[in-house]
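The structure comes before the description.

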Amino acid sequence: MENLRDYLPENLSGKRILITGGTTGIGRAAAILLASVGARVMIFGRNQEPLQQTLQEISSLEGAGECLGFTADVAHADEIERIFSEADSKLGGLDILVNNAALAFQGISEGNYSDWQYIVQTNLLGYMACTHQAVKRLEANGGGHIVNIGSMSADVREDGSSVYVATKSAIQGFSEALRKEVNKKGIKVTLIEPGAVGTDMQPSSAEEQRDKIEKLEMLKAEDIAMSVLYCLAQPKRCDIVDLKIRPHLQMI
């Protein structure tokens with residue numbers, strides 16, 4: 001990994017990075033990759049088992065940066081306060097926030113008010129509240145970077161996924177306006193919008209996902225992690241504002 005670090009325009013070694021939903025899928029892959037180039041990474045998720053698995057994998061990497069983690073849920077305001085208190089006490093502050101924690105959901109014909117409320121609290125309010133906390137800290141540092149993991153659903157707007165689409169369309173608009181709001185404070189904002197990615201958010205089985213990946217119809221979580229690294233590694237003069245990543249043969 002020393003060779004990879006040599007090629008990074010912006011040295012991420014020692015950078016303090018908080019990844020929401022960092023125990024599974026894209027968040028997990030990003031945590032592993034960023035720790036491997038020397039970043040100090042803090043992750044959290046709702047369940048203990050995937051948290052421990054991710055922490056163990058990172059600890060086994062030779063030369064990896066520090067990785068800390070705990071269980072938490074961005075759908076609750078008091079949990080967000082705790083998350084950033086942990087970042088302050090354990091990391092000593094923050095340089096980068098990766099907003100990633102999100103849940104899949106179908107259309108408005110499914111579920112009820114409390115189901116939709118929890119999805120919105122996680123997929124939208126969680127991003128907003130974590131950003132609010134991060135901006136205060138990044139501004140005090142003189143700058144930093146916020147990466148929002150969105151979805152191609154914001155543009156494609158698939159049939160049968162109106163609730164999920166609503167949240168990801170909101171993240172798209174939020175990211176565009178946020179950049180204008182905080183850019184002058186030295187804070188970069190990047191929106192990454194993947195297509196289909198093989199994670200536990202997909203309704204298909206692991207075997208079906210592997211088949212789609214082999215057929216170039218689906219991405220791996222590691223592909224998006226590399227995109228996160230690419231955006232974070234750019235020199236200060238360079239902002240990757242919106243990055244869309246699609247499987248080679250995804251037609252929608």
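A contact here means heavy atoms within 4.5 Å. Among contacts in the protein between residues at least 6 apart in sequence, those joining residues at least 24 apart make up 72%. The model is predicted, so local features need pLDDT of at least 70 and side-chain atom pairs count only at pLDDT 80 or more, while totals for chains, interfaces and linings use all residues. Residues are numbered from 1 along each chain as its sequence is written, and side-chain values use heavy atoms, with hydrogens and water left out.

The protein has nine helices and nine strands, taken as DSSP runs (helices H or I, at least four residues; strands E, at least two) and numbered from the N terminus. The radius of gyration is 17 Å, close to the 18 Å of the globule rule for 252 residues, so the protein is as compact as a globular protein of that length. That radius is taken over C-alpha atoms, and the rule is 2.2 Å times the number of residues to the power 0.38. Of the 252 residues, 51% are buried, where buried means under 20% relative accessible area with a 1.4 Å probe, protein chains only.

One aromatic pair is counted, with ring centres of Phe, Tyr or Trp (its six-membered ring) required to lie within 6.5 Å. F44 and F70 are stacked (planes under 30 degrees apart), at 5.9 Å centre to centre and 15 degrees between the planes. The pair ties together parts 26 residues apart in sequence, because F44 lies in strand 2 and F70 in strand 3.

How values were computed
Buried < 20%, exposed > 50% of the residue type's maximum accessible area, 1.4 Å probe, protein only. Phe/Tyr/Trp six-rings, centres within 6.5 Å; stacked < 30°, edge-to-face > 60°.
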